[in-house]
Amino acid sequence: MCCDLKRRFLLLYATQKGQAKAIAEEIWQQAGSHGFEAEMHCISEMDKYNLETEKDPVVIVISTTGTGDPPDTARKFVKRIQDTTLPPDHFAHLQYGLLGLGDSEYTFFCNGGKTVDRRLQELGAQHFYDTGLADDCVGLELVVDPWIDGLWLALREAFLLQKEKEGMSSNADTISSSLSAAPHDMDELNLSSEVRNLKLEDEGVRSSDVLSQKSVDIHLAASTRDTEPSLVHSVPPISQSVLNIPALPPDYIELEFQDTHGENPHLSSLISEGTAFEVPVTRAVQLTREDAIKTALLLELDIADTVFDYQPGDAFCVMCPNNVIEVEELLQILGLSEKGDYFVFVKVKQGTKKKGAAIPQHIPERSTVKFILTWCLEIRAIPKKAFLRALVECTSDVGEKRRLQELCSRQGASDYTRFIRESNVCLLDLLHAFPSCKPSLNLLIEHLPKLQARSYSVSSSNLYQPGRVCFVFNIVEFPTCPARPVSRKGVCTGWLAELVAPLLHANKNTLNAKGGSPSTEKISIFARPNNTFHLPADPSVPFMMVGPGTGISPFIGFLQHRQKLREEHRDWEFGETWLFFGCRHRDRDYLFKQLRCFLENGTLTHLKVCFSRDSSTAEVASPKYVQEVIRLYAKEVARVLLQEGGYFYVCGDKKHMADGVSDAVVDILSMEMEVDKLEAMKILAMLREAKRYLQDVWS
């Protein structure tokens, strides 16, 4: 099809970690074969597009970050459209479709997309296609793939309606003939009601049968003894199916190997958020007994010689490297064992077909191979289907090639979810499972995301411990599974545990020790302030804290800060404080037994503790979980929240705790106010909106 017959639409993306950009690139890539031309920009590049004058349809792909914020790249855009002086018909001319990305493990699911969607509607913009909300908790592709499939029909309809409005019926034949070259028949244009009614959030959504992707018809005889599918083996019907696989992503990175002379960039050059500080670890304590199910560590850092500042309730990020053994394994598989210390010059490949190709921001222009694999790439990331598609081309064994094709195909969606996504498979697992797959380093740079710094809640007060910051974490363990024959520790928690092992041994079981052996180990950190999860500005306001396990971390900082304020301002009035803490065993993982000290000196008014795995000899069993304990104090919860204007803080695991706590609070509000559950949920929503019901949760 000639370029001038293709219908243009504007494609904007707002990304935090690269997901939204990758999906936008997939849309851009498919557009041509469907008879369209996408003009793609990051939403932050407001000098390259103008929604105020845009006449063509607009497609927006936007992620969500933090506790429901738009990504950093969308902040200026959101600020601009939230200008209260804009009239309600400001975007009355605009037609758009929006795809939001989020994670339902968090309270404000897809809030970045919802915020933009709602505001565009308020300013008069019209949907030409239903909004899609994709959930990373269950797999973005469950919504993303059918949403993209339906986009092309919706765009055709939008252009036809546009032409009708412009009264350009004389061009109908031209439009009709140009559209006939696209994969869908013109008869489908009558299915507008079906497009509008497409339930994108239904897990039962079925992908389009007509795809623009190339088909593969390689039939392999399945072994009669292999009746169960696995990562490396499929069974009928998929093993006998003709596959619809994604288009091959264009390569765009070129590497020039140099010598071993030079210096790698400083770690601070890898971050875009503020300043990184290299600080020594001064103390390490294991808070749990050896026989506890999880191992929790407390680390203390010396920040006295820096300008690093924080408030209790803030978080900060730790820059961590990939596991050294895994990096060595990758070097060996890539055939680069002898070149790990060689510097490589990274540049964009000349003549690449990738739209807006650029060196990823997290990749230095010049550094060693080992530096890139150690500090820049998330080698533990779950491979996306586009990466699997690219790996197909690097695989020589016909059986392995076929299985990789299955895993990235539409027909293999359930296998991808089961054997890759849910099994937490990473690149190394794939390369061990498919030994004939030999990717290049530039392919890894193109497809692996940035190695993210890990965020931790502050567990101290700068008023109580000047020049020090503490944090608490569990050492994350990934057990073996059929798709992963070796167990692993978390990238950051495993590294930290190994780093402080000598200090940990010296300080073992001495939580109240003032110092311990001097440590020369340093880590790089940078601030990540929390704008809301802080103590009430008015110290007379009461508050309740719920923090089982390591969720107690920020509340130690709260209590230390409150204790110091009480000591320095004896004439102030202080509100009552409640802490609900839970763990498995009283004698194994009761992380901070000195909580009693806060209770004795009056800093903490009420301490309620439960133990989920300890057996009870009482006739009436004690509550096992914090959400159960809270229900025992329904009147007090209602009094603090409704009568005294108090605050309610929740920190810890979302799925297994925070949701249960919010359910308990809803039931309490319903019971104490004598209203139905829906009304109680509205009251809780109002408390959230007023920033009096606050969560710091993780999945």
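## Basis of the description

Strands here are DSSP runs of type E with at least two residues, helices are runs of type H or I with at least four, and both are numbered from the N terminus. The model is a predicted one.

## Valine 307 and strand S11

Valine 307 sits in the loop that links S11 to strand S12 (315–319). Its relative accessible area is 72%, so it counts as exposed, the cut-off being over 50%. Valine 307 and phenylalanine 277 are separated by 30 residues in sequence, while their C-alpha atoms lie 8.7 Å apart.

## The parallel sheet S20 to S24

An open sheet is formed by 5 strands with parallel pairing, in the order S22-S21-S20-S23-S24. Its edges are strand S22 (606–611) and strand S24 (693–698); each has a single partner strand, so one side of each has no neighbour in the sheet. On average, neighbouring strands are turned by 10 degrees against each other, direction ignored.

Strand S23 (residues 647–653) pairs with S24 in the parallel sense over 6 bridges. Valine 650 is opposite glutamine 695 of S24, and glycine 652 is opposite valine 697 of S24. Although S24 stands at an edge of the sheet, 5 of its 6 residues are buried, so the rest of the structure largely encloses S24.

## Helices on the sheet

Helix H19 (residues 634–643) lies across strand S20 (543–546), strand S21 (577–583) and S23, at about 120 degrees to S23. Helix H20 (residues 654–673) also packs on the sheet, where it touches S20, S23 and S24. The direction of H20 makes about 155 degrees with that of S23.

Within H19, the residues Ala634, Val637, Ala638, Val640 and Leu641 are buried. They span an arc of only 165 degrees around the axis, and therefore lie on the same side of H19. An α-helix has 3.6 residues a turn, so residues three or four places apart point the same way. Lys635 and Gln643, on the other side of H19, are exposed. The buried residues of H19 pack against S20, S21 and S23, and also against helix H18 (626–632), H20 and helix H21 (677–689). Just after H19, glycine 645 has a positive phi of about 60 degrees.

## Aspartate 56

Aspartate 56 is in the loop between strand S2 (36–42) and strand S3 (58–62). Its relative accessibility is 18%, so it counts as buried, for which the limit is under 20%. The side chain of aspartate 56 makes a polar contact of 2.8 Å with the side chain of arginine 8. Apart from neighbours within four places in sequence, the residues in contact with aspartate 56 are Arg8, Phe9, Gln95, Phe159 and Gln162.

Technical notes: Residues are numbered from 1 along each chain as its sequence is written. This is a predicted model: local features need pLDDT of at least 70, side-chain atom pairs count only at pLDDT 80 or more; totals for chains, interfaces and linings use all residues. Side-chain values use heavy atoms; hydrogens and water are left out. Two strands pair if DSSP finds at least two bridges between them. Axes are lines fitted to C-alpha atoms, for helices over the stretch in contact, and angles run from 0 to 180 degrees between N-to-C directions. Contact means heavy atoms within 4.5 Å. Buried means under 20% relative accessible area, exposed over 50%, partly exposed in between (1.4 Å probe, protein chains only). A polar contact is a pair of N or O atoms within 3.5 Å; within protein, one must be able to donate a hydrogen and the other to accept it, and residues adjacent in sequence count only if both atoms are side-chain atoms. The arc is that of the directions from the helix axis to the C-beta atoms.
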